[in-house]
Amino acid sequence: MLRYLQQKQKRLMSEATDFYTSRGTHVYIKDALINDEIDLERVVAKLEKTLPEHLLTELEMIIVGWFDEFEERGINAFYKDGILHISNVQDNELDLYDDLVHETSHSIESVYGYDIYGDHKVKDEFLEKREYLYNILESMGYKIPKKYFMNVEYSEKFDSILLNDIGYDKLQGVCQGLYVSPYSATSLREYFATGFTDFYLHPDHSYLKKVSPQLYKKLLLIHDLKKLDNQ
């Protein structure tokens, strides 16, 4: 299977191209999508149609392909300096759309950071959930230093504990009703990002509102921020 994917990757690399969206976002296909049934232009158009324009201002370019960081950090997308770097290995269009929305959330933190984190309500909610998670895992026999749960920043060590020592499959059950996804527990920024992603992927919002009420209020705020500015 791996050899097949590598051969297909080499064949598709020659098809690399780029295009611009209607709002001027430059989309560059460094390495063609492995799943050739995915319509990249359609997915990017959906992103720009769904998210308000004021939440796309930091997005200058999208590059699809394979990057060393993906393997080094165990990720499949990241945002840096106005550019979304998205893996060309995607299961389907929903998987790709999820990555685009998630990384767009990181692009707005420098602009709307005070609106999101300034009153500490999201941070307090996150830490309360971390405390609860610590107690649950301790009752299950996991002896993890509490300092990891009180640190809101990303910790490679803590991420490794969640991923390798506990496992996201088991964590999925533990986090049910506590977080929208196990990855939300990784850091405060990922707590925001997973909530942001859920907000735009699931318009019903009922689960997000129930599980993370303070975060949900902030997402409503930044979604409508431009409307408030114009009033």
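How do strand β4 and strand β5 pair, in the parallel or the antiparallel sense? The legends below start there. This is a predicted model, so local features need pLDDT of at least 70 and side-chain atom pairs count only at pLDDT 80 or more, while totals for chains, interfaces and linings use all residues. Residues are numbered from 1 along each chain as its sequence is written, and side-chain values use heavy atoms, with hydrogens and water left out.

**View 1. The β4 and β5 hairpin.** Strand β4 (residues 77-80) and strand β5 (residues 83-87) pair in the antiparallel sense, over four bridges. Strands here are DSSP runs of E with at least two residues, helices are runs of H or I with at least four, and both are numbered from the N terminus. Two strands count as paired if DSSP finds at least two bridges between them. Look for Tyr79, whose bridge partner in β5 is Leu84. Two residues sit between the strands, and Asp81 in the turn has a positive phi of about 50°.

View 2. Strand β3 (residues 61-65) runs parallel to β5, and five bridges join them. Here Gly65 stands opposite Ser87 in β5.

**View 3. A tilted ring pair, Phe126 and Tyr191.** Across the whole structure, a search finds 14 aromatic pairs. In this one the ring centres are 5.4 Å apart and the planes lie at 45°, so the pair is tilted. (Rings of Phe, Tyr and Trp, using its six-membered ring, pair if their centres lie within 6.5 Å; planes under 30 degrees apart are stacked, over 60 edge-to-face, and the rest tilted.) The pair links distant parts of the chain: Phe126 belongs to helix α6 (residues 121-139) and Tyr191 to helix α10 (residues 188-201), 65 residues apart. Phe126 is buried, with a relative accessible area of 0%, and Tyr191 counts as buried at 1%. (Buried is under 20% relative accessible area, exposed is over 50%, and partly exposed is in between, using a 1.4 Å probe and protein chains only.)

**View 4. Rings edge-to-face, and rings in a cluster.** Elsewhere, Tyr117, Phe192, Phe196, Phe199, Tyr200 and Tyr216 make up one aromatic cluster.

**View 5. Charges over rings.** Lys46 lies over the face of Tyr97, at 4.3 Å from the ring centre. Arg73 has its charged end over the ring of Phe78, 5.7 Å from its centre. (A charge sits over a ring if NZ of Lys or CZ of Arg is within 6 Å of the ring centre and within 35 degrees of the ring normal.)

**View 6. Glu72 in helix α3.** Helix α3 covers residues 68-73 and includes Glu72. Is Glu72 buried or exposed? At 64% relative accessibility, Glu72 counts as exposed. From Glu72 to Phe192 is 120 residues in sequence and 24 Å in space, C-alpha to C-alpha.
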